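Give the cut-offs along with the terms.

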Amino acid sequence: MYRCLQLAKLGAGHVAPNPMVGAVLVHEGRIIGEGFHEKYGMSHAEVNCLNAVKPSEANLIAASTLYVSLEPCSHYGKTPPCADLIIEKKIPKVVIGCTDPFVEVKGRGIDKLQKAGIEVLLNVLEKECIELNKRFFTFHLQHRPYVVLKWAQSANGKMARADRARFQISNEFSRRLVHKWRSEEASILVGTNTALSDDPELNNRLWDGANPIRLVTDMELRLPNTLKLFNSQIPTIVFNARQHTIEKIAFHSGHPLGKEGVCYYQVTTDVDLVTQLMHGLYQMKVQSVLVEGGAKLLQSFIDQNYWDEIRLITNSALRMEEGIASPSFSGARIEEEELFSDRIEIFKPISSQ
């Protein structure tokens, strides 16, 4: 199962909104086939695993054990059900890391295997398998996207200059890491002031992987269309109180397609914005969001308890006597590393520990 997890991680940034899955076929203690879900819309891990078996060893499949990190699917989606393939190949035993929370599966794959007389062993390395697909599980069980809050700050807790002028706090190594983070999330969000002061592209330039959907809050639609956010190169959604152009969302590799790459999602002023953001992203099937600022927007997510991780970059060599204070929060630090002048810390809510 550890090997399944290693394989599954190779699909990171390429399979969303599907989960990352790895599969290994073992005959008498020897791996004879392995595979993972490589790209959204393409073959699942079990199919790739069985296809990897050498023709000379195909006769061993019906006497082998299949290990898979997530319950095999039981429904027709973009590909046929993997449970049916396992039954067809007469595999006698299947070891599963965790149950699939997706409503179209959710135990049905396990039930189909068991009714076919296949021995099924469940919940092997379950915690690790769920952690691997934490975005997928959060989306399907909590009906909202997985939320990562990120900001960089000076050694004395300032995240921007007082005049909001663009100012680089983190070093070039941390900036590359941030682009890696961007490649792992379905969307990236900033507030109106950050869009105005920084004019960010919010794309992935420094790491191999897909660009996240760009999200921006602009209640009164005062952002100029000359901003890089509106260059139509990446799908962009504007959350606002004035217009709504999203009637039906079409998805291609997890991205909503709007006219000229920019579409508008209308919210109201009588319900808190973060709750409406979470509802809107869930309705649009956006499984995760990386919130990159500003301070007010980040604090709103913290105050509403809508966050799963905080990734904090602190430049220990920089002090800013005047500036905008970083958000305040209470969390449990789960990781820490040094990247030259920068300290990278990752926190989770205390309640989740």
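The points below are grouped by topic, after a few lead sentences on the model and its conventions.

This is a predicted model, in which local features need pLDDT of at least 70 and side-chain atom pairs count only at pLDDT 80 or more, while totals for chains, interfaces and linings use all residues. Residues are numbered from 1 along each chain as its sequence is written, and side-chain values use heavy atoms, with hydrogens and water left out. Helices (H or I, at least four residues) and strands (E, at least two) are DSSP runs numbered from the N terminus.

**Confidence**

- The average pLDDT (the predictor's confidence in each residue, from 0 to 100) is 92, and 95% of the residues score at least 70.
- Residues 248-259 stay under 50 in pLDDT, and the model has 22 contacts beyond four places in sequence for them; contact means heavy atoms within 4.5 Å.
- Where pLDDT is low, the predicted coordinates should not be read in detail.

**The five-stranded sheet**

- An open sheet of 5 strands has the order β2-β1-β3-β4-β5, with mixed pairing; two strands pair if DSSP finds at least two bridges between them.
- Its edge strands, β2 (30-36) and β5 (119-121), each pair on one side only.
- From one strand to the next the twist averages 20 degrees, with axes taken as lines fitted to C-alpha atoms (for helices over the stretch in contact) and angles running from 0 to 180 degrees between N-to-C directions.
- β1 (residues 22-27) pairs with β2 in the antiparallel sense over 6 bridges, and V26 stands opposite I31 of β2.

**Strand β18 and its partners**

- Strand β18 spans residues 342-348; 6 of its 7 residues are buried, so β18 is largely enclosed by the rest of the structure. Buried means under 20% relative accessible area, exposed over 50%, and partly exposed in between (1.4 Å probe, protein chains only).
- β15 and β18 run antiparallel and are joined by 6 bridges, with I346 in β18 as the bridge partner of R311.
- β17 and β18 pair in the antiparallel sense over 7 bridges, and A332 has K348 in β18 as its bridge partner.
- The β17-β18 hairpin has 2 residues between its strands, and F340 in the turn has a positive phi of about 55 degrees.

**Aromatic rings**

- The whole structure holds 7 aromatic pairs. Rings of Phe, Tyr and Trp (its six-membered ring) pair if their centres lie within 6.5 Å; planes under 30 degrees apart count as stacked, over 60 as edge-to-face and the rest as tilted.
- One of them is the tilted pair of F239 and Y265, at 5.3 Å centre to centre and 50 degrees between the planes. F239 is in strand β10 (residues 236-240) and Y265 in strand β13 (residues 262-266), so the pair ties together parts that are 26 residues apart in sequence.
- F239 counts as buried at 0% relative accessibility, and Y265 also counts as buried, at 13%.
- F329 and F347 have ring centres 5.0 Å apart and planes at 75 degrees, so this pair is edge-to-face. The pair links distant parts of the chain, 18 residues apart: F329 is in the loop between β16 (324-325) and β17 (332-339), and F347 is in β18.
- F329 is partly exposed at 26% relative accessibility, whereas F347 is buried at 10%.
- W151, W307, F329 and F347 form one aromatic cluster.
- The charged end of R311 sits over the ring of W181, 5.0 Å from its centre; this requires NZ of Lys or CZ of Arg within 6 Å of the ring centre and within 35 degrees of the ring normal.

**Helix α9 and two selected residues**

- Helix α9 (residues 273-283) has V274, Q276, L277, M278, G280 and L281 buried, and just after α9, K285 takes a positive phi of about 60 degrees.
- T217, in strand β9 (residues 213-217), is buried at 6% relative accessibility. Leaving aside neighbours within four places in sequence, the contacts of T217 include F239, L273 and L277.
- Q304 lies in the loop between α10 (295-303) and β15 (309-315) and is partly exposed at 37% relative accessibility.
- Not counting residues up to four places away in sequence, Q304 touches D272, V274 and T275.
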